[in-house]
Amino acid sequence: MSENHQHLTNEQVKDIDENIAWAKINNDVLNSMKNPRKGYWVALVLSALLFGVMIYAEVYQYRNGMGETLLNTSHMWDLYISSFVFWIGMSHSGTLLSAILHLVHADWRKPIYRFAEAMTTFSLLTAGLFPVIHLGRVWNFYWVMPYMSDRGIWPNFRSPLIWDAFAITSYLTSSVLFLYIGMIPDLAICRDNTTGWRKTLYTFLSLGWRGDDRQWRHFRFTYLMIACFLIPLAVSVHSIVSMDFAMAIMPGWHVTTFPPYFVAGALYSGCAAIITLFVLLRYFFKFEEYMTMPILDKVCKLTFVIAMVWTYLNLIEFSAVWYGHDIPSKEVLIAKATGPYSIFFWGMMFFGSVLPFSLLSKAVRRNMKIMFFISIFLNVGMFLERWMIVTPTLSMGYHPQGFNVMWPGWVEWAMVGGSFGWFGLLFLVFVKVFPCVSMYEVKEMVYHRKRTTYADVDEMMELHSGVPGPEAQTQQSGGA
Amino acid sequence: MSKTKIDRRNFLKVLGLGSAGAALAGCDMPSYVTSDEGKENIYSYLAPEEYVIPGIGVWYASTCQQCPASCGVHGRVREGRVLKLEGNPDASVNKGKICQMGQAAIQGHFHPERIENPLINGQKATWDEALALVAKKSGGAAWLTGAMSGHQRVLIDAHRTAGGNARHYAVEVVNARPWEDASLATLGDANPNLHIDKARAVLAVGADFLGTWGNPVKSMRDYGNFRSAPRGVLMSIEPAMSMTGANSDIWVTARPGSEAAVLMGVGHILTTKHGVSVADMPSAALAFADMTPTKVLGLSDVKEEQLAKIADTLMANSPSLILANANHDTAKVAQVLNMMLGNVGQTLTPSAAITAEALLPVTGSSKDLVEFAMDAKAGKISSVFISGTNPVFLAPSKLDMAGALAKVGFKVAIADFHDETTTACDVVLPASSALEAWGTHVPVDGSDAGEVYIQQPLMENVHANTRGLGDILLAVAKGAGVDGLAEFEDYYGYLRTAVSALIGSDLEGDWNSILQKGKAVTAVNHSNFNAGGDVALGFSEPAAKAGTLTLITSARQGLFDGRHANLPWLQEAPDQISKAVWDSWAEIHPKTAAKIGAKDGDYITITSANGSITTRVFIYKGIHQDAISVPMGRGHTNYGLYAKNGVNPLSLLDASSGDRQTTELLNSGVSVTVKPTGDNRHLVRLMDVDSQHGRKLAATITADQFDRNQGGA
Amino acid sequence: MPADRPQRKTFPWIRAFIGTAVVGALIVVGAQIFEQQLHPVKPGGTPPPRVPNADFPTDTFDGKDVTQPINYSHKLHAGDLGINCLYCHTYARRSKVAGIPPTAKCMGCHTVVGTEKPEIQKLTAMWSKGQSPAWKKVNDVPDFVHFSHERHLQRFLLNNKDMNIKDSPDVCAMCHGDMNTVGVAKKMKPLTMGFCVTCHEKNKGPADCTRCHK
Amino acid sequence: MSGPAKTIQPKTKRVLGLFGDFDQAFEVIADIRHYKVPGITVEDVTLKSPIEHPEIEEVLGERTCHIPKWSFAGGAFGFCFGFFFLASAQANFLAQPQGGKPIITIPSNIVLAYEMLILFGVLVTLTGFILGARLMRKPSGLYDTAISIDQIGIVIEVGDDEFQPLKDVFTKHNVIEVHEEALT
Amino acid sequence: MPSLLGNVFKGWSDYSKGIEQGGNQKYEHMFSMSIDLDKCTGCNACSTACYAENNLAWVGEYKFASRQSMHWMRIERYFDEPDVGSSDPESLDRGASFLPMMCQQCNAAPCEPVCPVAATYHTVDALNAQVYNRCIGSRYCANNCPFRVRYFNFYDNAPTAWPAPMDQGLNPDLSVRSKGVMEKCTFCIQRIRGANETAKREGRELKDGDIVTACQQTCPTSAIVFGDLLDKTSEISKIWKRQQVKLGTYKQEKENKDLRGYRIFEELNIEPKVLYLERVREV
């Protein structure tokens, strides 16, 4: 990751070098799918191993029963649900970067939104695992689906868990389609430049894309519409997840500010994860010219903003509980800060609210290595947040008889670790098979920026390009 | 009679075992797996009586044998299996209620560790061999049993008289002996009839009538009425909190062994402050006058206002009832107070025993245990039958019961479980469970109901080769050549004739109704108190001085004296006070804990002159600072899979010390030293919190705003 | 211009989608067949018995042949000799289980009737030894289903004004099929929850889970 | 997609001109728009481009796109279907597991119907896209991989004697190469 | 299911209303329990009776230590009494407070709406039923239960809890729960159904005292009363009336302050159906 010190001057100001040849863009991206750096293979093997551990743990738990997780009568949920919420949160990054930033015409998203969307899809697939493996009778998980059976019984549509099932299904479908549609022109490029099974695959997937203006026109509208659908969907998904808790009567869960709080947390962890993968992919696939310092810089600023929002919502939740003066909830809050779990609570506060301030320093923002670790710590903080939402409430609750402290067993930890393996496996395979930088959109970016950087803008351009001029470039870099 | 027998046998034929067994398949299989054709067997009856319908439970009356109280029970029988026990409403002792030990009888009955075959020196043998050997070698055998009554006792006595009249030792470590002794001395009635329900105030001094004293079910039933309007006040004085103490409105903790002093202190205040006259009992008056509150304070740490409060409550709520079992002296003082307060005749009435003395219960005591050990050591016992008790477990290590038994030439155990004693015996005769056997029992309550409870089999033997206690006794007696038994082929036949003799009828009509009610009613002879006259009250200062720890081996409903330690249900039923399960613990006061530097869950070693045990502490304020209480029941060395945990505090006791008159072990304090071993493991309890955290869970209302006569409604 | 550019030949959309459709169809059909294996339900089947004031599913089920310790023929006893179901399965009207008739009931006739037949001699041997034959359960529901014969007989036979006690075969046939036609007992109705629920729905039976699942 | 011919002359061949510089391509279109080529109007022009740039489509003039209608229809259907599907499921649930609460619970059904709205909205939009963009059909053979790299192509159907003037316009704006295929 | 949409329009007015607006569900019975804490001695008899009646698995020390035990009826013991004030700091001067805690069969049970598969729901007897074979073990209900009285089969307890021949003592009237299923106190639903069938057999209505729960039957001090609230003559409804506790409200207005009736956590507006009578203290 050290070759990013070549032509600093460029990197300081420009999101991307406008003079880059379009053919080169094609070649770089297509090559990335052929020969990545060694690190890629290391990561792949690592993920596979982790996933293996998860499989083993699941089999073990299936054989011996849920008790192996050391869950108990008060702690019916623990790490599984925390990780579920965590992974759902992760998935909001893609929506944020591609959908929201697309709507506000922040074109610096273009080189990096593809893998962000991939992240959305795969973290959803990971999140989907947890509600299933945490079931006592896994083999009956399909009973939550509303299918017509001769028994005349249906799911209970009043249960937030059913809402989860619906929301996640639609979110998964929509985000997969969003990812796919955005990829069609690139698939056409791949189709034109590959051979063998890849060609067959891409030919099939590119649906005979020829780049006609009619196709482009419909493409633009479709992409726009789905983006519009996706944003409210993303919000609804995570607020529904938050309702798993907010709909319950337990102290510490029954909080009205949970939905926005969860959404903010989701965007937060999503951005942090984007930074991590940004650094990794840039290294794996030699994308130094596309995933540039200024873009990372912008993402970091975005992350900081969201971190502040999250902190704020966190604080108003506390104050709401405090001044609401519902004794059990207050006890739970106090126990969070002082009780057996306090170390994790304060860890969450530090990683989630204090650490982001380091993003104020330009030096930090533009240092790949540091950003890599910071982003990981931010996500650790977010994981702790989810854990601190689930567990302290269960350790207190209303009834003193149920007060107890519980530490997850190895099975649960294995599952959580393994989920990262599963995610990594899916993601790494994806970026190897599909172009993880959007070629055509990088071209657009270059095209538009080039025109704006030239002095002689003919009337056609003035008429039609909504892209700001050169001096606007620098202050535009706040994210649209 | 044999006809009824055949029908019963047919009725009891176990059928459709598949159904319950298959239930284990549970719900995790899709229906088409378990309901596949031809997978399960189903057996039909041979020739059932018409009231026997598969799938419909029938209730049969019998008698509970889980503790000496012998309550009447109903057993629900379905497809030839007894599934559930409930109290028998016709039994005047418990009137349809039973305690957790009775509920757990089912588990003991179906227990996987029952003895299934006769054993000779641990080797499997046939009944004929075993009985022949017993008949050969058990001449003039002594009997070592638990509390005994009914025709089993008759047979035992017959056997003893036939063979040189050896002694019958009846061992019950948990007993009411001090109370019986004192009542006999003061009222001339060992077992007066108690009316807790009639009392407005009850003062219990070491008499845990809600736990293990007397017949707890009867007492609890009365307690229910006692609490309903007009509500009575319950007070107790004891070193460590018992179940009675845990339900007391006023609970006073006294230094172990000083209970008599406290009661006398109460007497002092009654005489001085309230002017109750003890004119007719000068020496008692002397004793009261002597026991000034300051002296009481010095002896027992009980403050004057506490004494005054008790005295005032006793005066305010009459009639009252004072029950004491701490030791002989205390019980005597209690009876004197009862007389002074005029309770005698109101809440204490003369007992009425049935006329057939031969059936009357032999209430056990630990004195017999000690004496048996002594006699055995002295070689006075050639051979012995052991049944319904576990001397090796119960005896303090100082007695060296194992060694004593070794001195006995020939030992026969009649038991349904292997325990420490059966392993020490030459012959083990497998008894079937109480739910499989015939028998008669006379309860130890002084009521004038004159009932003899019938114990009838609720199902066919689970293990074919076991025999009911009665059948075994009959066979043994026959073997010993007791005359007049030859005509009876089995105990059922004997019992039927015996009962007909008892109620003076040929039974043709009555027998079924007797079986239905589970009791035969016979004549009683009413006695009278010969109260009055002077009573000398003594008080021996406890050996242990202030500041030294005294060990209390408290008995709890549940494991009782340890006989139920092999029942998982009772092991897992949290202890009433500490809420601990599956293991022993030692209760100490926070101050004591601070002194010895122990915190909750620490292992401590408790050492007396006779040995030491190591267990975990449970720290709470319901115990005197000079006392350490280790509930008994656990610490078995050889009582099966489920009774492995815990320690046995009885082993620390000192056989020679103990109550002045009755030399009862249970309440005899033995002074111990305590020191933490350093390791700590969380004591497994139902709940780790003792506080309600301000929630309105078990709410309370103060008596002043509570309308006593309306019962709060 | 060169007409053989690789881009000219286009992807076979039609074939691709037909292929996908075929595979999907195969999966669906396979699932159906598997389901059939699990509990083969044939709608229609035997003509519904005549039970007034009742309306019930006519699904049938071809259960496997079970070998019983004694080769008892329902066709002979119930069908040809016309013995009423409730004569042998007399518990059905009083208990949740219909029960197997006690051996004494068999011997009631077979001490004199058909003593020469080998099966009867088998039975007599068992009877004299005082043991009862180990019948194999044929019509069985899972252990978490608590079905009561009594309730259903009350509803459809005893409290059914248009029914006479001798019509019991029709009522039994609702769930057991026409036993007069088979030899050794055989499962002839699916007895799945769907089967029960359909009937409960049609006949306004209790729609409460805990009536059957306790 | 080629609009109705403005001349009587029958179209005989289809021509593809590839341009390296996009401005050149725009100017070609501008020329066509100003009828520099007789008989050919801007409606006949099909543009093949490696990137999506709204500017050019402005040059091509208003062309229809019905995607938003598709999305609206899908969303509306999804909502109604969702709500009534759930309602009917609840209404037909044998054991009404509601404990005195309403059997058809509006709030929860709204939430779920909302999800269905989005799901069907997306799906139907996709369908609209595939149909509207004429994807998954046999495309015209006139295509060049260069288009997927950096060149912009203009496809026009011409009659025999319109071909030459068009070619001149192409060459004037220095076209890189010109493909043609006969219409059958 | 035939006529999918038909039912919606047919019963819309019913279906969209709750019982309080005369909605669909009419209760046939409303079984309730009252426990007099002043009589409860905490002797565990009810708890063990429940083990025997309801096929409860015992779990052993290790699982009990990790709080995976299965006692539907548990006796809690508290030493402090907020209403009366703290006792002598040196030592206790009065007994403990015992609290039998089992499923409170709330009428507005928080566990019901959250079950994804409707395995727990309200029957027409106003029982909070648990259908074991429908349960998939999401354990949401237990999380949402303020009383912590729902117990989950974390293991397949049957083999260890009933080694042969102990399984012969199992109660065939109700299922043995297997691994991964939630379970809880059912007010002895098998006894309720049994009594119903007997009543039907004898062609009469269910009358007070027909149904006796296992804990009530064994309770030596008769602290437990069980019955049907809709039957105005039943003892239980008399008690509720006498104590002036209204089922549907979470704030009780009582005339005289010596009434002892209260329900635990009724302020959560979950309408518990177990009425406790306060313990009386002499102070």
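Reader: How do you know how much area chain E and chain B bury between them?

Author: Buried area is the accessible area (1.4 Å probe) that two parts lose on being put together, summed over both. For chain E and chain B that comes to about 8200 Å², with 57% of it on carbon and sulfur atoms. This is a predicted model, in which local features need pLDDT of at least 70 and side-chain atom pairs count only at pLDDT 80 or more, while totals for chains, interfaces and linings use all residues. Residues are numbered from 1 along each chain as its sequence is written, chains are lettered from A and ligands numbered from 1 in the order in which they are written, and side-chain values use heavy atoms, with hydrogens and water left out.

Reader: How many residues of chain E are in contact with chain B, and what makes a contact?

Author: Contact means heavy atoms within 4.5 Å. By that rule, 91 residues of chain E touch 99 residues of chain B.

Reader: Why is the pair Glu86(B) and Arg191(E) called a salt bridge?

Author: The rule asks for a side-chain nitrogen of Lys or Arg within 4 Å of a carboxyl oxygen of Asp or Glu. Across the interface of chain E and chain B it finds nine salt bridges.

Reader: Which element gives the largest share of the side of chain E that touches chain B?

Author: That is H3(E), with six residues. Helices (H or I, at least four residues) and strands (E, at least two) are DSSP runs, numbered from the N terminus.

Reader: What makes E11(E) a partner of strand E29 of chain B?

Author: Two strands pair if DSSP finds at least two bridges between them. Three bridges join E29 (residues 700-702) of chain B to E11(E), so they pair, and they run parallel. One of the bridges links Thr700(B) with Arg279(E).

Reader: How do you know that both faces of strand E24 of chain B are covered?

Author: Buried means under 20% relative accessible area, exposed over 50%, partly exposed in between (1.4 Å probe, protein chains only). In E24 (residues 585-588), Trp585(B) and Glu587(B) on one side and Ala586(B) and Ile588(B) on the other are all buried, so both faces count as covered. E24(B) also runs parallel to strand E26 (residues 611-619) of chain B, joined by four bridges. There, Ile588(B) has Ile619(B) as its bridge partner.
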